[in-house]
Amino acid sequence: MEFKINETLVVSDMDGTLLNSDKKIDDYSLKVLKELQDKGLSFSLATSRPYGAIKRYCRELDVRVPMITSSGTIIYDFITDKIIKAEILDRKVLDKIRTIIPWNNIIIHTTDNLYMNEASPRHKFFLKGNEFVVNENDLFYPGKITCAEDLDKFDEICQISMGIDGDDPTELINQLNEVLKDEDVNIFYTGDMIVGVIKKGVSKAKAAFYLADYLGIDKDNIIAFGDNMNDYEMLENIKHSVAMENAVDELKAIAEKTTTDNNSSGVVYALLNIYKLV
């Protein structure tokens, strides 16, 4: 299929996909993606991160279209600093999770911020001087959860996340499946020592289709990139899908194409050499 650059939407995962092992977008990828956007390409990120934590990357990329954040639950317009669409969890989901998960290991994504306890193993990634900070305009501080009672104040919750020790989420996922068996939710592993819970039927894939319609782009003109199991539905449902060389085998098995790894500018390699977007 021949792609017209001004009629194409590219949706890329971040960690392990667009970002290299240093959590950066390499200079070559930045250069190419800016040039392609100047020619009319619509380029969007699709990430489990909250929108406040990707602003540095939006600025570096000079993005022109909304981003897919918090695992597809929030579509955020960096240009206007407004939320285009948000999918809200039933409050009962948090209440049930609290019966099996300590309050200080619960991370809350809402429509206005991300909230966590300072003792959370993930908190260090959000402190000043970390990977999310590029200048004073990009400081991102999550709201604090200082006691169990703080969890009572949240209403517009889009995603609930929990950290795990090690890299095997099986036990936690099984516990969540049991306690949430009567709730309409999707439980998944992000691949970064985090298990997430979002509203059933919500995904990066559906957010990508919504964004394409919002931009007036045919859904068959979407190209999606990913590396881990939280990208599975996106690569399974989007016609033109690309797994990174460093992706898990399950993604490589379903993807239309495979590209070089995330330390070798894999996203732009595929756009230039496989899909011939020039």
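## Ser12 and strand E1

In this predicted model, Ser12 has a relative accessibility of 0% and therefore counts as buried, the cut-off being under 20%. Ser12 belongs to strand E1. Beyond its neighbours within four places in sequence, Ser12 makes contact with Thr17, Leu18, Phe43, Ser44, Leu45, Ala46, Phe225 and Val267.

Strands E1 and E2 run parallel and are joined by four bridges. Across this pairing, Ser12 stands opposite Leu45 in E2. Within E2, Ser42 and Ser44 point one way, whereas Phe43 and Leu45 point the other way, and all are buried. In a regular strand, side chains alternate between the two faces of the sheet.

## Helix H5 and its surroundings

Helix H5 comprises 12 residues (residues 204-215), which should span 16 Å at 1.5 Å a residue; the end C-alpha atoms are 16 Å apart, in agreement with that expectation. The buried residues in H5 are Lys204, Ala205, Ala207, Ala208, Leu211 and Ala212. Viewed down the axis of H5, the buried residues fall within an arc of 160 degrees, so they line one face of the helix.

The cover over these buried residues includes strand E1 (9-12), E2, strand E3 (67-69), E4, strand E12 (222-226) and helix H6 (232-237). Also of note is a charge placed over a ring: Lys219 lies over the face of Phe209, at 6.0 Å from the ring centre.

## The six-stranded sheet

Six strands form an open sheet of mixed pairing, in the order E8-E7-E6-E9-E11-E10. The edges are taken by E8 and strand E10 (185-189), each of which has a single partner strand, so one side of each is left without a neighbour in the sheet.

Inside this order, strand E6 (residues 106-110) pairs with E7 in the antiparallel sense over two bridges. His109 stands opposite Leu114 in E7.

## Helix H4

In helix H4 (residues 170-179), Leu172, Ile173 and Leu176 are buried. Seen along the axis of H4, the buried residues lie within an arc of 100 degrees, so they line one face of the helix. An α-helix has 3.6 residues a turn, so residues three or four places apart point the same way.

The buried residues of H4 pack against helix H3 (91-97), E9, E10 and strand E11 (194-199).

## Aromatic pairs

The structure holds three aromatic pairs. One of them, formed by Tyr51 and Tyr76, is stacked, at 4.5 Å centre to centre with 20 degrees between the planes. Tyr51 lies in the loop between strand E2 (42-45) and helix H2 (55-61), and Tyr76 in strand E4 (residues 74-77), so this pair ties together parts that are 25 residues apart in sequence. Tyr51 is buried at a relative accessible area of 13%, and Tyr76 is buried at 1%.

Another pair, Tyr115 with Phe154, is tilted, at 4.7 Å centre to centre with 50 degrees between the planes. Tyr115 lies in strand E7 (residues 114-116) and Phe154 in the loop between strand E8 (143-144) and strand E9 (157-163), so the pair ties together parts that are 39 residues apart in sequence. Both Tyr115 and Phe154 are buried.

Note on methods. Residues numbered from 1 in each chain as written. Predicted model: local features only at pLDDT ≥ 70, side-chain atom pairs only at ≥ 80, totals over all residues. Heavy atoms only, no water. Phe/Tyr/Trp six-rings, centres within 6.5 Å; stacked < 30°, edge-to-face > 60°. Buried < 20%, exposed > 50% of the residue type's maximum accessible area, 1.4 Å probe, protein only. Lys NZ or Arg CZ within 6 Å of the ring centre and 35° of its normal. Pairing = 2+ DSSP bridges. Expected span 1.5 Å × (residues − 1). Arc of directions from axis to C-beta. Contact = heavy atoms within 4.5 Å.
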